[in-house]
Amino acid sequence: MTAVVERSDTVVAHPDDDRSRRKRRPIWSTVWVWIFLAPTIVLYGVYTVYPIFASYWFSFVEWNGFEESKTWVGLRNYREVLADPLFWNSFKVTALFTVVAVPVKVVLSLLVALLLNSPKLPLRNLFRTAFFLPVVTTTAIVGVVMQFVFDPADGPVNRLLLQLGLVDEGVSFLGHSSSALWTVVAVYVWKWFGVTLIYWLAALQTIPDDVYEAAQIDGAGPSAMVRHIIAPLLKPFTIIITLLTLEATLKVFDLMLTMTNGGPSFSTEVVEIYIYRWAFAATVPQLGFASAAAVLFGLFVCLLGLLQLVGIRAARKSGGMR
Amino acid sequence: MNTTTAAPPQVRRVRRRNRNRWTVGWVLSRLPYWIVAVFLSGAAFLWIYPFLWMVSASLKDQLEVFASGLGLLPDKPIWENYQRAWGEAGFGKYLVNTVIVTVSTVVIVVVRCAMAGYVLARYRFAGRRVALTILVVTLFVPTGYTIIPVIDISQRLGLLNSLAGMIIALSGGAHVAAILLYMGYFRQVPRELEEAAVIDGAGFLSLFFRVMLPLAIPVTATVTLMTFLATWNAFFLPLVFSFSRPDLRTLSVGMLAFVGENSVDWSGMAAAAVISLLPVVLLFALLQRYFVEGVAGAVKS
């Protein structure tokens, strides 16, 4: 961002038009500038900047949301959140979900992207469309439909398994705490696979065709091509794509709420569902308590965001060296 | 004359190449690609199978959904499911709500982000640096975790439990990326263009609306598409905004409520899902290239 500011500074400071510029920029333009910024300042201030500060304030009070009265309780909410085994459970579920979903999605989509990137492959645009289709659909609706697709008695998945003779009776994928999370991971990977695929295809497109041709002339087979040409050139992109995927994976509220609602017995309760349960789904909402949990998790996500900045910078550096 | 004499050998060469195309060597060299294509066809079919199953179930009667197993073709398409989902289940109303919310949000976001991006890119004024810093810093704040204060302030402003409140909240948060996109684009517009318009007597407003905004149509297309998709598919905010007002539900919220009340009506559920997903899928089919470019932009930048 600093580069942006500096560049426009030099433009303005250009000696030629310094005087004529002043003539062309009457005072009314400053007024218009602020009029143009006003909608963003008001909306962004009320719905993004204020909430960030307010959630800190809420996390220090006891408040049920029905009454105006908020009682200052200091760090009590934080102590209670940190002492709640279910908070740590939700943290663990989120971590587990991320640690499994991200590598599976990144690696699988890379494999498909390598196949789709070949110009000789017939129907490649059709395949790309098919893999991208789930991305545009509404997550909450897909989640509801998936409840039926994985139905233990009549869902198509179990029908297929029964017909193939792989199981004797329908498996309750979403009904057991041992399988529910993995079922959601599978649906999640399926739903957002297309985004990572497009990332990889965009990355692969940055490798010019003559690099492949030169390698081919030198006698490189497909495996040597991947190992010595594609892998090193994709390295900076791998960091960026993994980080983008990681950040997106932390937002699974829609799918989780509609597929499992955090159950069975909290086995799929990610942090977002935990916050939602205390803030909106409880009979007596504990907004202070929920805010404390939100602040803790928000800080964690910000930390990952910082990591992302550092990662991208590192990726740029390793890309620039070539 | 030259062209006519030069043409025949070329044609002959092309013909010969066509005739020789199906040699053993060529087929063998292409065979791996066809094997991969067959394999990928299977994968792609499985990939979209849930949607095919959904459409098929929406056209079967309730018993047939269970009886016909994996078969996709219904005996006789039954359109009553759509009638039921549209009327009784309220999806007609939900669709109208969703369209109102989505269209208004897209318009507000495009206008406010274009205006902000324009002045941030082309004017120097006190507070510009501060504004930019705030935007970039909050780029990393997860919006999902600010939901409690958003609901609280909406209630104080009397905007909770109304479509207007939902629209303002959806168009108010985030969208920093859209501002940055417009900023990047407007910065590249040559100064001469602006100066010529000013000499022609354009004021601040007509300069923006007549000259700059029309120039930025590619950015507007991307921002419109991405905002449309995000708003149409939004769930958390509409859910919380319509807790006590079922008539304000959007499609995604209505779907959850519908299966909560009728968990046995599979064909009704499928019809409702088709109604909800058809508009985005159609839009995707028409504007596929822009969707893909919009997503790919995240890696390139």
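This is a predicted model: local features need pLDDT of at least 70, side-chain atom pairs count only at pLDDT 80 or more; totals for chains, interfaces and linings use all residues.
Chain A contains 14 helices and 2 strands. Chain B contains 16 helices and 0 strands. Of the 322 residues in chain A, 49% count as buried. For chain B, with 301 residues, the buried share is 49%. Contacts were also considered by sequence separation. In chain A, 65% of the contacts between residues at least 6 apart in sequence join residues at least 24 apart. The corresponding value for chain B is 73%. Chain A has an accessible surface of about 15,600 Å², and carbon and sulfur atoms account for 66% of this area. Chain B exposes about 14,800 Å², with 67% supplied by carbon and sulfur atoms.

In chain B, helix α5 (residues 91-122) packs against helix α12 (residues 217-232), as their contact shows. The two axes come within 9 Å and cross at roughly 145°. The crossing is right-handed. On the α5(B) side, the contact is made by B:Leu95, B:Thr98, B:Val99, B:Val101, B:Thr102, B:Thr105, B:Val106, B:Val109 and B:Val110. Helix α12(B) contributes B:Thr220, B:Val223, B:Thr224, B:Thr227, B:Phe228, B:Thr231 and B:Trp232. By class, this contact comprises 9 nonpolar and 7 polar residues. No charged residues take part in the contact of α5(B) with α12(B).

Helix α6 of chain B spans residues 128-138. Its buried residues are B:Arg128, B:Leu132, B:Leu135 and B:Thr138. Viewed down the axis of α6(B), the buried residues fall within an arc of 145°, so they line one face of the helix. B:Arg129, B:Val130 and B:Val137 are exposed on the other side of α6(B).

In chain A, the loop between α9 (180-205) and α10 (209-217) holds A:Ile207. This residue has a relative accessible area of 5%, and A:Ile207 is therefore buried, the cut-off being under 20%. Leaving aside residues up to four places away in sequence, A:Ile207 touches A:Tyr212, A:Ile230, A:Leu233 and A:Leu234.

Technical notes. Residues are numbered from 1 along each chain as its sequence is written. Chains are lettered from A and ligands numbered from 1 in the order in which they are written. Side-chain values use heavy atoms; hydrogens and water are left out. Helices (H or I, at least four residues) and strands (E, at least two) are DSSP runs, numbered from the N terminus. Buried means under 20% relative accessible area, exposed over 50%, partly exposed in between (1.4 Å probe, protein chains only). Contact means heavy atoms within 4.5 Å. Accessible areas come from the Shrake-Rupley method with a 1.4 Å probe; for residues, only the protein chains shown count as cover. Axes are lines fitted to C-alpha atoms, for helices over the stretch in contact, and angles run from 0 to 180 degrees between N-to-C directions. A crossing is left-handed if the near helix is turned anticlockwise from the far one by less than a right angle, and right-handed if clockwise. Ala, Val, Leu, Ile, Met, Phe, Trp, Tyr, Cys and Pro count as nonpolar, Asp, Glu, Lys and Arg as charged, and the others, Gly among them, as polar. The arc is that of the directions from the helix axis to the C-beta atoms.
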